Amino acid sequence: MKKITLLLALLITSIGFSQAPTTAPDAPSARDAANVVSIFTQTTDANTKVYADIAANLNPNWGETSGRVEFPAIAGDLAIKIPSFNYQGIDFDNNRQNLVGFEKAHIDIWTNNATVGFSLIWAGGEQAVSIAAKPGEWQSLEIDLSQWPNADLSTIRQLKFDGGNGTTDEIYIDNLFFSKPPADPLKDATLSDLKVEGVTISGFSAATTSYTYEVQIGTTTAPSITDATTTNSGASAVINQATSVPGDATVVVTASNGTDTKTYTVSIVATLPNASPTPSTYGTHLALQDNITDTGTFTNFWNADDFFGATPTFPDLDATSAVNNVAKINLAIGWGGGITSGGITTTDVSDYDTVHIDYFIPSSEAAGSLGHQFYLDLISRTGGANSEAFYGFGTTVSSAGNASEVVDEVIVFDSWQSIDIPLATFAGKGFDVTTFFQFKIGASSDLRTKLGYFDNIYFYKASTLNTESNELLGFSMFPNPATDRLNISAKETIQNADIFNVLGKKVMSVDVNDTKTSINISNLSSGIYLVKYNVGNTTGTAKFIKQ
């Protein structure tokens, strides 16, 4: 009888520990929002203190076997649920946090039976602390940041939870934030806001004193700091504007005690590209993302809804005209996505014969130790397995190395490059055109190209190129067919012209910078070729026959 009672008790205990929480954690004590960096404090409970969460990817897809995170409401309070927990990351690498001066990491955590490792990840390393299991109840913890003695608190970029020495079906996390004690108001020499040309500078934090503000290449007049608001109304701020590009603007803040000071520096650098090219119009096309193929000439969009890698920023490179967003990508981590709404989705792209992408790689951004290289990766999915096909750009064409390191064509720096790649090229590398699943843009390692700008990524059928561009620009070429020389002309200056063979390989590139020129094509083999030319911000194409 005692054995039966013991077994029943163990069974009840086991069932109890396998349940999800039914109550929310206690609300953390109220703090001034200026002293908090919040990762997740979302709630539907009006009695719970809420802080503004920083931009972060709560499910960056690092290969963990955990299921996709969920956000259930528990007694009116939203929490992060990590099902089938083994490890889970939180990524804000594009929004790194300077936690110098912060003292505590607050976390509310509920597990069935897991000891959880909680890691801070910074530029150059990571370290974990262990959170002991307390099965079936919320733990509200204030962990001193000194528990991560090796951490570079000025470059915190990611967090990670792993299973430690325990196992569990799921864990729940709530009220995840970092805090510091309130400053002595008499000694407070911080800013609560810093605006350049009327807009708060990206990544602003009272604790961060150095910023980089990018302007377009060729800019000579430095933008102005238009607002520097002190956290304490008794403090004062003196603005010293930058006088050139590149150049530094500073704000010197003096606390109300007249002794303590802090200097904020904004470095103005001309690193943004000029406006990207305007693509031609196609009758049959499929643009990958509407926010980076936004010229107005495209109507058919694929639009991934499940992304991985480092979330890009999307600067508008032509704010005086229509929206012209581009993707600014940290290539060392890469960025890509697919469609998973309602389940894994594949797309048949066999109606198209060409892939287009515009890129701009600034030479001012030094490459890693392995040199410049990046790729466009098209991923198909057949029978539950993914197949990746890489098209690589580098300093030297080479077929050596891993598939992601093969270089198909040479990078051109410091100007927009409009690239058309036959879809057959990807098919020859293993891409199934009937089951397109994901795309990715990245470098083969973090020792390669660090930064790139990308725009106008789409599939199209070359035969549906609209001839309106040629008519509008007055573009013509003769003779056609041609034997030795091909003459081209337009109403306005032609910047350059590239010639491609039927496989999409660039076989000739000519700097024109005139309204007309004569191109020597005597070395080309007989066949059909495509001339791609740029006039102003407009790109046009035309076919000719080499006899």
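At 25% relative accessibility, K195 counts as partly exposed, a class that lies between buried (under 20% relative accessible area) and exposed (over 50%), with a 1.4 Å probe and protein chains only. K195 forms a salt bridge with D193, and the closest N and O atoms are 3.8 Å apart; a salt bridge is defined as a side-chain nitrogen of Lys or Arg within 4 Å of a carboxyl oxygen of Asp or Glu. D193 counts as buried, at 15% relative accessibility.

The model is predicted: local features need pLDDT of at least 70 and side-chain atom pairs count only at pLDDT 80 or more, whereas totals for chains, interfaces and linings use all residues. Residues are numbered from 1 along each chain as its sequence is written, and side-chain values use heavy atoms, with hydrogens and water left out.

The structure holds 12 salt bridges. Among them, the side chains of E70 and K81 meet at 3.7 Å, N to O. This pair links distant parts of the chain, 11 residues apart: E70 lies in the loop between β1 (36-40) and β2 (73-74), and K81 in strand β4 (residues 80-83). Strands (E, at least two residues) and helices (H or I, at least four) are DSSP runs numbered from the N terminus. E70 is partly exposed at 37% relative accessibility, whereas K81 is buried at 17%. E70 and K81 are also linked with E170 in a network of salt bridges.

A further salt bridge joins K104 and D144, whose closest N and O atoms are 3.4 Å apart. K104 belongs to strand β6 (residues 104-111) and D144 to strand β9 (residues 138-144), so the pair ties together parts that are 40 residues apart in sequence. K104 is partly exposed at 27% relative accessibility, and D144 is partly exposed at 30%.
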